[in-house]
Amino acid sequence: MSASQPAKTAEAPTLLVKIFGKDRPGITAGLFDTLAAFAVDVVDLEQVVTRGRIVLCALVTEPSAGTEGELRATVHSWAESLKLQAEILSGTGDNRPRGQGRSHITVLGHPLTAESTAAIAARITSTGANIDRIFRLAKYPVTAVEFAVSGSDTEPLRTALATEAAALGVDVAVVSAGLQRRAQRLVVMDVDSTLIQDEVIELFAAHAGCEDKVAEVTDAAMRGELDFEQSLHARVALLAGLDASVVDKVRAEVRLTPGARTLVRTLKRLGYQVGVVSGGFTQVTDDLKERLGLDFAQANTLEIVDGKLTGRVVGEIVDRPGKARLLRRFAAEAGVPLAQTVAIGDGANDLDMLNAAGLGVAFNAKPVVREAAHTAVNVPFIDTVLYLLGLTREEVEAADAVDG
């Protein structure tokens with residue numbers, strides 16, 4: 001292609017052919033069979049089917065001199081034969097170039113109302129961005145739609161929409177467009193109240209009969225009111241003397257968050273690497289790693305001597321800064337740039353990790369975490385995070401079907 005051809009294309013006469021009506025097999029092939037008789041070239045093409053109704057738009061070059069009237073009559077006649085409507089508009093050139101700065105905006109609603117959709121669209125426009133395309137990713141267990149936008153940088157969009165989303169009660173994620181969105185990634189999750197529904201230390205405490213005392217300290221730590229390491233030692237000290245057999249009992253009591261298996265299985269099928277970091281205990285995370293096929297797992301370790309819990313932890317403490325360090329360590333080991341990592345968590349001790357990741361997701365999180373994270377998910381299904389990565393419900397179900 002010569003350097004002059006793009007300019008010539010931009011100035012050349014074109015026709016926009018629009019077909020709409022009841023969908024059925026063969027409409028797209030039929031339209032282009034009809035157009036082929038006039039030796040036109042396809043400049044652009046888009047088709048949408050919603051509840052059995054098709055909208056098919058074809059931007060084509062102008063036919064040879066003197067044949068445009070015949071083309072119009074032929075297309076209209078073909079459309080009428082199929083009880084479709086046709087509209088043909090004359091113009092010049094291709095679509096206008098999209099603005100610099102491109103992002104994907106995923107909106108999750110349960111339900112997604114017209115009011116919230118209008119507000120999100122208006123806020124996008126207010127940043128100077130243009131909505132180029134809207135596509136539904138899922139209708140179950142939440143409604144998830146994706147806006148492809150251009151003309152504004154990702155960060156201003158993310159900031160503007162975070163406030164709007166909180167007010168509307170919907171979840172919104174903004175990520176940069178580009179090949180890296182489909183590149184191999186690393187996803188690292190917190191465990192307690194994220195990958196699983198429980199707080200593991202409270203499960204241990206129930207066997208020791210001190211769950212109320214432990215829960216009080218846990219709540220204060222998760223709100224950021226206590227130093228995590230101090231609270232960890234205080235809680236673990238209450239477990240001193242428990243028989244080591246309690247570890248197997250706790251493992252059996254752990255309840256995965258709805259969608260956890262689907263999330264991990266789908267990510268693994270896509271070639272992603274998946275890890276967990278936890279302020280809980282390796283006695284549980286090692287079991288989860290084996291059960292779910294995780295690539296990485298790191299947590300604190302309860303000391304066991306002569307078959308009893310000593311009330312102490314051994315080794316490196318996994319606290320708030322530690323989780324961020326582990327995210328970086330896992331990314332280095334996985335060969336994944338930090339910008340292509342996703343972190344998921346719910347508590348104050350996850351904040352450093354969420355901020356360090358390319359995309360930090362607050363999952364049913366405390367208010368301080370929701371406000372600081374890149375995006376928040378406030379539905380009980382952790383596999384909805386897949387929609388933030390641009391996957392559709394059909395792709396998720398296809399992965400489930402393959403794995404049985």
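In this predicted model, seven strands each contribute at least two residues to the lining of the largest pocket: β1 (13-22), β2 (42-50), β3 (53-61), β4 (85-92), β5 (102-109), β6 (130-138) and β7 (143-150). The largest share, five residues, is supplied by β2. The pocket itself has a volume of about 590 Å³. Its lining comprises 33 residues, of which Asp44, Leu45, Glu46, Asn95 and Asp132 are the closest to the centre. By residue class, the lining of the largest pocket contains 13 nonpolar, nine polar and eleven charged residues.

Two of these strands also take part in the second largest pocket, where β2 and β6 each provide at least two lining residues. This second pocket has a volume of about 400 Å³. Its lining includes the run Gln47, Val48, Val49, Thr50 and Arg51, together with Arg133, Ile134, Phe135 and Arg136. Val145 and Glu394 also belong to the lining of the second largest pocket. In terms of class, the residues lining the second largest pocket divide into five nonpolar, two polar and four charged.

Across the whole structure, one cavity of 30 Å³ or more is found. The largest cavity has a volume of about 150 Å³. Of its 15 lining residues, Asp192, Glu199, Phe228, Gly279 and Gly280 are the closest to its centre. Three elements, α7 (211-222), α8 (228-237) and β10 (273-281), each supply at least two residues of this lining, and β10 gives the largest share, with four residues. The lining of the largest cavity divides into five nonpolar, five polar and five charged residues.

These sites can now be placed in the context of the whole chain. The protein chain has 16 helices and 15 strands. Its radius of gyration is 27 Å, whereas the globule rule gives 22 Å for 404 residues; the computed value is well over that figure, so the chain is more spread out than a compact globule. Along the principal axes, the C-alpha atoms fill a box of roughly 95 × 40 × 40 Å.

Of the 404 residues, 47% count as buried. Among contacts with a separation of 6 or more, 66% join residues 24 or more positions apart. The chain exposes about 18,900 Å², and carbon and sulfur atoms supply 51% of that area.

Notes
Residues numbered from 1 in each chain as written. Predicted model: local features only at pLDDT ≥ 70, side-chain atom pairs only at ≥ 80, totals over all residues. Heavy atoms only, no water. 1 Å grid on protein atoms, 1.4 Å probe; cavity = no way out; pocket = protein on both sides within 12 Å on 5 of 7 lines; lining within 4 Å. Points joined across faces, edges and corners; volume = space filled by probe spheres on them. Nonpolar A, V, L, I, M, F, W, Y, C, P; charged D, E, K, R; others polar. Rg over C-alpha atoms; globule rule 2.2 N^0.38 Å. Buried < 20%, exposed > 50% of the residue type's maximum accessible area, 1.4 Å probe, protein only. Contact = heavy atoms within 4.5 Å. Areas by Shrake-Rupley, 256 points an atom, 1.4 Å probe, with all protein chains shown as cover.
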